[in-house]
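Colleague: I would like to learn how to read a few backbone and sheet features. Please take me through them one at a time.

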Amino acid sequence: MTEIQSHEELRSSLDHCVKCTICETVCPVSNVTPLFPGPKYAGPQAERFRVHGQPPEESSVDYCSGCGLCTMSCPQGVKIAELNAHARYAVKQRKGVSLRDRLITRPTVLGRLGTPVAPLANAIVRFRPARVLGERLLGVHRDAPVPPFAGRTFRAWARRHQGPSNGTKVVYFHGCGTEYYEPDVGEKVVAVLEHNGYRVEIPKQDCCGLPLQSSGLFDDARKYVLRLARALAPHARDGTLIVGNATSCTLMLKREAREILGLEHDPDLEIVSRQTYDICELLLELHERGDLRTDFQPVEEVVAYHAPCQQQGHWIGKPALELLSLVPGLDVRELDARCCGIAGTYGLKREKYQIAMDAGADLFDQVARSGAELVACDSETCRWQIEHGTHRRSVHPIELLHQAYRL
Amino acid sequence: MTASLTYDAIVLGAGVAGLTAGTRLAEDGARVCVLAKGVGSTHLAPGTIDVLGYEPARVDEPGAVLPGFVAAHPEHPYALIGVDAIAPALKWFATRIERGPQPGYRYMGGLERNHLLPTAVGAVRPSALVPETMAAGEIASPAPVCVVGARVLRDFHASLCAANLLRAGVEARAVELELDVGRPEANALGLARRFDAPAFRAAFAARLLPLLRSGERVALPAIVGLSDPHGAWSDLEHRLGRPVFEIPTLPPSAPGIRVYNAVRAALRAAGGRLVLGAEVLGAERDGDRINAVRAHSSGHDTVYGARWFVLATGGFASGAIELGSDWQARETVLGLPLRGMPATGEQRFTADYFGPQPMSTVGVAVDSSLLAQGTENVFVAGAALPGAVPWREGSGEGIALASGNFVAQAVQEREGAAATA
C-alpha cells in the first residue's frame, strides 16, 4: 500500500463530515490552547485544501497530540486523528524533524544507553541545572515527567524466570515502558497470566514505532513496527494470542500502524493486529467464559480509575473497571476526565509541556476530589504524568489484581 | 459467533433515547452496555425538552392538546406509548439532571404549559421543559430585553435577534461586548467553560452593568457555564441585579452537552457501561431472536451477547436509516424492516423543502409495544420510530424520553414474566 493509496483511503472518510463540531468538544488540546484550532479545522476542513505532495503551509496541526478521541466520538466515522497524523507528517517533511524528536522517540535506544548507567542517568534527570540545560539544548521541558531507568531490564528477569511448561500458550508483548522503566509490572503480568493457566512466551522484540509515528517519522516507524510484526507473526499464525499491558502500543499493533502508516495489507501485521489483545480485555473475556480465577483476597483501598485515550481507542469499553469490581474491598471510582495531556512524548516537549498540563488539569482536579490516594491507569506514560500532576501513586490495573491474588 | 461479552441488555445509540433506555434498564438492575458509533445528537441540540410544539398550529398547552393529537395520529409514537407515560418520563429526566454532576442545575415546566422562548434569530420556539437558565426568556413577559453579543462568538448575532424580537412585539435591543478569551474567535463551548470561572464572570458583569437600562432582563447566548451552569447563572443574576437567560446557539451546544454529561453520569452511577467507537456491523439471528451483535473494535471485532436489544440509532440524519441510489430505504445497523416508505415508483421528495415530505415519517416498523417487526427481543426508541416528524412537531426529546422509558419498562415486564413463568 503506497503512501498515496493509504492517504486516499483516509481522505475518502472526509466527505462523511457534516461539520457538527462534536470532535471539537472532546479535543483535550484545542480546548486549552489557541495554537491548535481543533480537529475539525485541522482535519476534515483543512484537508479539503491539501493536495497530496503539496505540504500545507500552516503548522498548527503539529500541536495535535494524536489522542484519537475525535475519531472515537465522531458519529459519522470520519478518520480525523488519522488525517491529522498525515498532515503532521507532511509538515515535518517540509520543515524537517528536530534532533530532539529523533532521540526521544527511540525508547529502546535510550533504554540500552541508560540502563547500564541508571544511577548516573537518573541523577542527571533529577539534577535541576542539567534539566535547564536539557531544555535549552534538547527542548525537553525542565519539569517534564521523565521516568527514572529501572537499572535492569524485564527481559533479563524473563530469561531467568521458570514458568510452567504446560497451559495455553500466550505471547507477551511487554513494550519499552515495561522493559526499561517498570520491569516489576511485566513480572506481575506474567504472574497473573500464569495464575490463570497460561504458558507465557516472550519472543525477542523491540519498539512498536508509535513515538516515531507521533512525531512524523513515518519511515522509521514502519521499520520498527514491521520488524516487530515479523517477530510476532509466526506465533499469531499458529493461533496464539499476543497480550500487552501498554494500551498505546497494543493499539499501534491493533489499528494505528495499519491505518496511519499505510500498512493495511502487510500480511504479518494483519494477522498480528487480529491476534493482539489488551491484558484486561483478555482477562475479561476469560471471565465471561468462566475461566478467570477469582480467588481474590480483599484489597482495602480507594482507587480512582482513568482510562487513557489510547485504551479508549481500542473501542472495547473499559474492561479494567469490570475486573477491578471483582476485587473485594476495593472501592473503584471511575473518573470521566478525557486526557492526562502527556500523549506519550508530546508533553515532554518544551513548547507543549504547559499545554499538556492544562489539558490534564481537569483529570488532576478529579483525582484530588475523588478521595482516592491511588490512581489506576492502563498506560505507563499517563501514569507518570498523573503522578507528576497529582503527587499520588499510579498503578496499572493488573498490579491491583496481582495484589488481590496475593501472588 | 461466540459472544466475547454478555449482558442482560444491549442498547445501540448514545443519543437521548439510547442513554435514557440504558440508564433506566441499569437502574432497574439489568447489566447493560450502550454501544455507539459516536456521540449522539445531544451536542448539537438546544438542550430543551420539546414534547409537542406544533400540531401544526403552535401548541401552548401540550397536556391538553396531546389526547386529540394522538387520536388524530394513531401511528405516532405517543399513540403507542400512551399520553400518560410522557409526564413520568419528563419527571425521570428532571430528577436525573438534579442529581447530576452540575450542582443545583434544574429544569422547569411540564405538560401544563409550553415555555415560549426566543431563538438565536429572534423567532419564538415552544418547549415543555427548559433549563432554569433559559426560563426568564419567556416572550409573554413584559420586561424589555437587552440581547448581549460578543464579536468573538461569530455564531450569535445580538442585533439580528433583537430586531426580530421587536417585530414579534417584544421590546428588545442589542449590545456588543468585547470578551477577551485570548484567541481571535471562540465557539460557545469554549466560552461556556470560561463562564464557569467566577473571575471571568465578575469582569464580564462589571463591563456589562453600566450598559444596562433599568427594568431590562439580559439575554445571553447559551454560554453561561458548562460544569457549573447553576452557579454561573445565579452569580450573573446577582451581579447584574436582574433576570438573565440563555438563548441556544449553533453547535457545539453547551446546554446539550450538559444533558449528555448528566444522563451519562446517571448511566455510570447505575452501573451501566458505554462503549464509544463501537459501530455495530451485524447481528446473529436465530429466527426472530437476535442473540448477539458484532461491533467494530480495533484489531478484531467484539461480539456482545444479550437477551434484549434496544435500537436507538436515530433516523436519516444519523445515517441509521438510509435512502439508497436504488430509491429504497434500509435500516443500516440490523437491517430491520421499515414503515412509512412511499410505494415503489411513488414520489420520495416534494420541491417544498419545509412542506410535508412523503418520507418524513419513515421509521423501523414496530408493534404496539415498540417491538421491532419480525423480532421477539429488539425494541426501538427515539428518532428510529416511525409515524412522527419530530422537527416539525417539536417532539424530538419528548419521543426520546418517553420511548426510552417505555422500552426499559417493557424489558423489565418481560424479564419479570419470564422469571415467574
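Modeller: Start with Leu370(B), which lies in the loop between strand S20 (363-364) and strand S21 (378-380) of chain B. Helices (H or I, at least four residues) and strands (E, at least two) are DSSP runs, numbered from the N terminus. This is a predicted model, in which local features need pLDDT of at least 70 and side-chain atom pairs count only at pLDDT 80 or more, while totals for chains, interfaces and linings use all residues. Residues are numbered from 1 along each chain as its sequence is written, and chains are lettered from A and ligands numbered from 1 in the order in which they are written.

Colleague: What is the phi of Leu370(B)?

Modeller: Leu370(B) is not a glycine, yet its phi is positive, about 65°. A residue is buried if 20 or more other C-beta atoms lie within 10 Å of its own, exposed if 12 or fewer, and partly exposed in between, with C-beta atoms placed from the backbone. Leu370(B) counts as buried because it has 21 C-beta neighbours inside 10 Å.

Colleague: Which loop holds Ala343(A), and why does Ala343(A) count as buried?

Modeller: Ala343(A) sits in the loop between strand S6 (330-334) and helix H20 (353-370) of chain A. Its phi is near 45°, a positive value in a residue other than glycine. Ala343(A) counts as buried because 29 C-beta neighbours fall inside 10 Å.

Colleague: Which peptide bond does Pro56(B) share with Glu55(B)?

Modeller: The bond joining Glu55(B) and Pro56(B) is cis, with omega about -10°. Pro56(B) is placed in the loop between strand S3 (32-36) and helix H2 (62-72) of chain B. The peptide bond from Pro251(B) to Pro252(B) is also cis, with omega near 0°. Pro252(B) belongs to the loop between strand S11 (244-247) and helix H10 (254-269) of chain B.

Colleague: Now the sheet. What is the strand order in chain B?

Modeller: Strands of a sheet pair through backbone hydrogen bonds, either parallel or antiparallel. Two strands count as paired if DSSP finds at least two bridges between them. In chain B, an open sheet of 5 strands has the order S12-S3-S2-S16-S21, with parallel pairing. Strand S12 (273-276) and S21 of chain B stand at the edges with a single partner strand each, so one side of each has no neighbour in the sheet. The twist averages 20° from one strand to the next; axes are lines fitted to C-alpha atoms, for helices over the stretch in contact, and angles run from 0 to 180 degrees between N-to-C directions.

Colleague: How many bridges link S2 and S16 of chain B?

Modeller: Strand S2 (residues 9-12) and strand S16 (residues 308-311) of chain B pair in the parallel sense over 4 bridges. Ala9(B) stands opposite Trp308(B) in S16(B).
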